[in-house]
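Me: I would like to learn how to read the space inside a protein model. Could you take me through it slowly?

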Amino acid sequence: MRVLFLLMVGFFVALADDTFILNAHIRMLPKIMALDTRLTLKTDSSKVIFAVVYDSNRKSDAQFIADEINKFHNGKVSNIHFTAVPFSLNEIIERKDIAFVYVIQRCNSKSLKKIAAWGISNSIPTFSYDVADLDSGILGSIAIERSTIIYINKKSLKEGKFHFDETLYQIARLIE
Amino acid sequence: MNRFINARLSTKLFMTLVLVTLIIFITITLATFSIVRDLTLTSQKEKASLLIDTVSPAVSLSLFLGINDLGNKLSAITQRNEVIALKISDLKGNIYLNYRQHDFTSSYQAINITADLMEPSTLKPIGSITLTYSGEEFTKTMDRFYTLYGWITISIFSILWLMMLWINRLLLPITLIAHKVRNFKPGKKITFDIPYAQREFTQIIHSFETMQESVIQYSDEIEAINKNLEMKITEQTHRATQHLYYDNLTSLPNRIKLQEDLLEKAINTVAILNIDDFKEINDFFGIDAGDWLLTQIAHWLSEMKLKPYRIGGDEFAFRLKEGNSHIEFQHDIEMLLSLLSEKLFMIAEETVHVRATVGIAVESDKPLIHADVALNKARSAKLPYSIYDQSEGIEQQYQANIAMSAQIRQALVEHRIVCQYQPIVSCAAGKIEKFETLVRIQNEDGSLIAPYDFLPIAQKTKLYHHITQEVVYQACHLFAARDEQFSINLSSSDMLDVRTVTTIENILRQTGTANRVIFEILESEGIENFDEVASFITRMKELGAKFAIDDFGTGYSNFENILKLNVDILKIDGTLIKSINENPRNRIVVEAIVDFAHRIGIDTVAEFVASEEILQNITDLGITYAQGFHTGKPLFLNPKLM
């Protein structure tokens, strides 16, 4: 019983921590997308697609995040109309109308590298839940430490020829 | 303003300098203050803005991204001492950062800069950032500015003060020159020993010295001229005094001098000496000879120690000597006259005997007048001298004459000279054939003044001709409307006066009475001025007038002259007629006159016919006309006066 309780407390603490970070991501990532100065060139339609990417069979998690994003931003950030849509890894790499990619948590390393490589080659910014994913070539992530810190992968930034508003680089922490 | 106008030149210069400096200094100070303050403030604001600009993008992005923790991002500026406060808020008023320096206690002025925070992609405002920047640097800068200008002010005023001293020193020579020039007098030479004189003052001094030399030169000249003028004035004054008080011809003191001497000293006994018949001497020997004689007489009188004055043409005067009595004075005069009668004077190598008449006024209040009266009395009485006697009333007579003269003048102006006409009756026919015009003055009360009361005075005062002209006018105009002949008395002076003669001629022509008028002239006057009278008679006779000799038989008539005068009537003097009955001698004279008249074919008129007996007598003697109270009294024929 005590073990079960500790497990439940640990689950809820972990869950609470995940939810806090996720909420920050839901709130901030579309705005970081809006900082992409070439955003309008990356879609044909009137609506920009914010892709929430998952692997394995975790579509429901991706769907949940996409829905939360749409709900929070009400399909608009700044002057940009967008919609958050969940995509599997395989689906995403076939698409040509994606403006921004958010990789949900606990994706495997292989998937992360694949999507990072795709993002770099297509100049599609890729952000992930975990800062550690930047080692796989993901462009950026947001960590909640003593304060909210945006991490950007300096190598991927150079390779992917991304163009963000200059101010982003002032507050972001560029890491190798 | 007047004080400034009247102020000294150095004061004016200094005040102008101060004023100009103050205006320039204040203008520059205000402008510099404005510029420095604005620049410093702008600089501080720009610094604050720069700080905001530095953090603004990051803050904007953080705000955009919803990153609430801004403290680390802004630590770069919040650590600066100049930043007093920093406030970041969104549009809804939510405050994301409200930083305030804990140890900020300075009283320096703070500078608040607020800037909008913009959304990075759309640049829409999403909040604001307000930075409160310390004004310490601004205040310190301004303090440095004030200090600097304080020193500049002190320096400028010190310089001005020094300049004032310098100006005073520069212009000091003017004061010294003015002081010296103020005390300048033409006779006194001034030297200009001025220290530190500038070139301009040296020039002024030189000019003053040149001017001074000219002034001294002119002054000397003027002084010389002045002395010359003074001499001339003294000379002229002496000459004028001589002219005024001394007779030019004889150099004796004149009448004015005598009058002044009489006023100065209370000696009022005076004698006036008049040379007898001096006119004849003048006429005979000429004026120059007359003057020469007067000079000799004056010289002789001076030798007689009588201190003579020459008070008129041929009149000399003497005053009683101080200490002498009147008796002695009278004796001196008698001696003088006696010696003068024996004295022979020389004129053109001819000896001349001079006689004189003297009038003396003794202790008189009007010595000259009274001496003159006495002189006239002596001359009239043919005496060598006469002493004025107030009891004789001669002065009163003179006053009466003066009053009568005024009365005659007034009567002439007021047309109160009137004529009465006495009938002249024909002895044969017994009727009035002529009238004699007799002049009267009618007083304002209607009474008449007889001619013997005013005509002698009129003759002396030159009013006689006016009376004659008035009588001729009245008589001619009256008889112009009548048929009788009428006679008018004329004096020889009337006949000699051109204006009177012309007036008579004009009146006769205007009235047409020339052939009925008879002018009566005195026997004596006709003889004395024979040529002039004869000329007048000829002129009037050409007009038709007749002439009668008045008062014939009493003078020293020269029958030849009577014949030459060509008179028409002889009026036998009344004194012969009125006693013709009693005095056979008179009758003989009258018979001779009548006989003479008959012989030369002229009429006769007997005057003063006062009775029937006289009338009968003269009728028997063959006299043509009778005139007298018996035959008719003088009466007015003018209807207005009747």
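Me: Which classes of residue make up the lining of the largest cavity?

Reply: A cavity, on a 1 Å grid over the protein atoms alone, is a set of points where a 1.4 Å probe fits but cannot get out, and its lining residues have an atom within 4 Å of a point. In this predicted model, the lining of the largest cavity has five nonpolar, one polar and three charged residues, where Ala, Val, Leu, Ile, Met, Phe, Trp, Tyr, Cys and Pro count as nonpolar, Asp, Glu, Lys and Arg as charged, and the others, Gly among them, as polar. Among the lining residues are B:Ile424, B:Lys434, B:Ser487 and B:Glu520. Residues are numbered from 1 along each chain as its sequence is written, and chains are lettered from A in the order in which they are written.

Me: What volume does the largest cavity have?

Reply: A volume is the space filled by probe spheres set on the grid points, and for the largest cavity it comes to about 30 Å³.

Me: How should I read a nonpolar core, and which residues have the most contacts inside the largest one?

Reply: In soluble globular proteins, nonpolar side chains tend to be buried together. A nonpolar core is a set of buried (under 20% relative accessible area, 1.4 Å probe, protein chains only) Ala, Val, Leu, Ile, Met, Phe, Trp, Tyr and Cys residues joined through side-chain atoms within 4.5 Å. Here the largest has 83 residues, and A:Ile32, A:Phe50, A:Val52, A:Ile92, A:Val101, A:Tyr102 and A:Ile150 have the most contacts inside it. Apart from this core lies another, of 70 residues, including B:Met404 and B:Phe479.

Me: What does A:Ile32 touch?

Reply: Contact means heavy atoms within 4.5 Å; leaving aside neighbours within four places in sequence, A:Ile32 is in contact with residues including A:Phe100, A:Ile150 and B:Leu65.

How values were computed: Predicted model: local features only at pLDDT ≥ 70, side-chain atom pairs only at ≥ 80, totals over all residues. Heavy atoms only, no water. Buried < 20%, exposed > 50% of the residue type's maximum accessible area, 1.4 Å probe, protein only. 1 Å grid on protein atoms, 1.4 Å probe; cavity = no way out; pocket = protein on both sides within 12 Å on 5 of 7 lines; lining within 4 Å.
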